[in-house]
Amino acid sequence: MKIKLVVLAFIGFLFSSFKSEQKRMDTVLEVTSFNLKTTASEQEFNKLDAEVQNNFTSEQPGFIRRQSGVDENGKYVVIVYWKSLTDAKASMDKFMKDPSVATYAGMIEGSTMKMSRFTISDEFTAHNSTFTEVMTFNTNKETDITAFNKINKKVETGFTNKQKGFLQRITGSNEVGEQVVVVYWDSKKNSDAVLVDFMNAPIAKSFMGMMDQSSIDMIRYQSLQSLKNVELTKKDKVVALLNSFNTGDQTPISYINPNKYIQHNLGVADGLQGFGALMQNAPKGGFKADIKRAFQDDNYVFTQTKYDFFGPKAGFDIFRFEDDLIVEHWDNLLPVQKLNPSGRTQFDGATALSDLDKTEANKAVVRGFIQNVLLDHQMDQVATYINPKEYIQHNPAVADGLDGFGAAMKSFAENGWVMEYDTLHMVLGQGNFVLSVSEGKFGKGDPTAYYDLFRLENGLIVEHWDVIAPIPPAAEWKNDNGKF
C-alpha cells in the first residue's frame, strides 16, 4: 500500500512539474506601433481593427491573444501573443498579402510602423486591463545582463505589484538584445497616479540607469475595446465630404450647416444651395477627389487633394467648423503640372504626421518666413527658416534646395516677372505640417492667391508644396465673400 502511495505521489509530482513547465514555456510577444494616415478615420479604423482580430489574426496557427489600443497622440499599438516565432512570422507574411485586410492595412502610415518580437515566459492573466504601458529599450553596453534581470524583477516585486490598479507585468527580450516591459493596469487613472512615484523611487533610478536612454520607446495606451462611442472628428467629416465625390454618398452633406455656409470659391454661389448647384453641373462621371493629406487645427481642417474637377487639378481646401458643422470654405486650385526640375510632382513626398507638441512653434516659423522673407524681402534670413542642407521642393517650376529657390527668383527677375507676397491672411498647422494663405501678385502682376504647405523638422522648413492661382476679377464672382 505504501509503495502504491509513493508511486502515486511521484506521478502526481511529475504531473505537477509538467504543468509548471507548460506555464513557463517560452512564447512570443509581438509589439507593433504605427500612426494612421492623415486621411484615415479613427472611427472606421477601430471598427476594422475588431474585424481583423476576429476574422483574420485569431484564425492563424499559434495565435494566443491580441490587444490593440491608441495613445493620446494618436499612435496605435497592437500586441499579439504567439506560441512561436515561426507562427508570428507566418501570420505577418500572410497579412501582407491577404486582400481581406487590404483596407485596414491601407489606412496605416507605413513609414511610422515599428515592429519587434520578444521571447517571454509569462502567461497572460490581466484580462480586465483597459490601460497598458509598453516600454522597449536596449541596455547599456557595459550592463551585466544577469544583474539587470535581477533589478528588473525587483521593480515588479518591490514596487509595481504594490500599486493600486496593477494587474500584471510581463518582460522579455529578443535575439538582438532589445528588452520589453509591458505593464497592465485596470485604468489610466491608476497608471497615471504611479508615474511620478516610480520615477522618484531608488529602484527606478537603478533600473533606468542600466538602459541606453536614446533607445527607450515608451507608449501608454487605452485599449480600443474600452473606448466607447468614438465619434467622427472634424477632419473625418471633411475627408468623408470630399470622398463623397467618389462614392456618391449623401450622408456627408449633413456635415454642412444648412443655414450658414460661407463660400470663398469665387466660382461657386454662396450657401448650401451653391454647393448643390455645383454638384448638379458636374460633368458626366462626376468629380473625383484623391485626398493626399488632411490636418486639423482647432476648428479648421485643411486638405491637399488631387482633383478631377473640370480636368486634373491640384487643390488645397480649408473648412471652418462651428458646433461640429462646416460653416465656411476656402480653396485654391491649379491645373496639374508636369514634373518639376527635380522630378517631383505636386503631390508626392512625406505624409507622416509628427511633432504634435510643436504645432504652435512650427506655425511661428512659417509666419516668420512669410513675413520677413517673402513680404519684407529679407533674403539674408532665408537660412533662418529653411534647412540649407535639405529643402525638398514640389513647386512645378522650382528645383530642390536653396539653390533651386534662388535660381527661380533670378529667373523671374531676368524675365520681368513678379512673385510678390503682399498680405498674409492665415496660418494653420498640425504637428510638422503648416499651411499659409497669402495674397499678392504673380507673373505679369496679376492678383494671386498663394497657398503654401510646409513640412518642418527641428524648427526648420524641409519640404514645400504650393498652389499659386489667379484671383478672378470681381465681375466674374458668384458670391460676395472674397477670396480670403
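**Exercise 1.** At what angle do helix H5 and helix H7 pack, and how far apart are their axes?

*Solution.* Before we start: this is a predicted model, where local features need pLDDT of at least 70, side-chain atom pairs count only at pLDDT 80 or more, and totals for chains, interfaces and linings use all residues. Residues are numbered from 1 along each chain as its sequence is written, and side-chain values use heavy atoms, leaving out hydrogens and water.

Step 1: find H5 at residues 145–158 and H7 at residues 202–209 (helices are DSSP runs of H or I with at least four residues, strands are runs of E with at least two, both numbered from the N terminus).

Step 2: read off an angle of about 145° and axes 10 Å apart (axes are lines fitted to C-alpha atoms, for helices over the stretch in contact, with angles from 0 to 180 degrees between N-to-C directions).

Step 3: look at who meets whom. Phe148 and Ile151 are among the H5 residues that meet Ile203, Ser206 and Phe207 in H7 (contact means heavy atoms within 4.5 Å).

**Exercise 2.** Which strands stand at the edges of the open sheet of 5 strands?

*Solution.* Step 1: write down the order, S9-S13-S12-S11-S10, with mixed pairing (two strands pair if DSSP finds at least two bridges between them).

Step 1: check the ends. S9 (262–263) and S10 (288–297) each have a single partner strand, so one side of each lacks a neighbour in the sheet.

Step 2: zoom in on S11 and S12, which run antiparallel and are joined by 9 bridges. Here tyrosine 307 sits opposite lysine 313 in S12.
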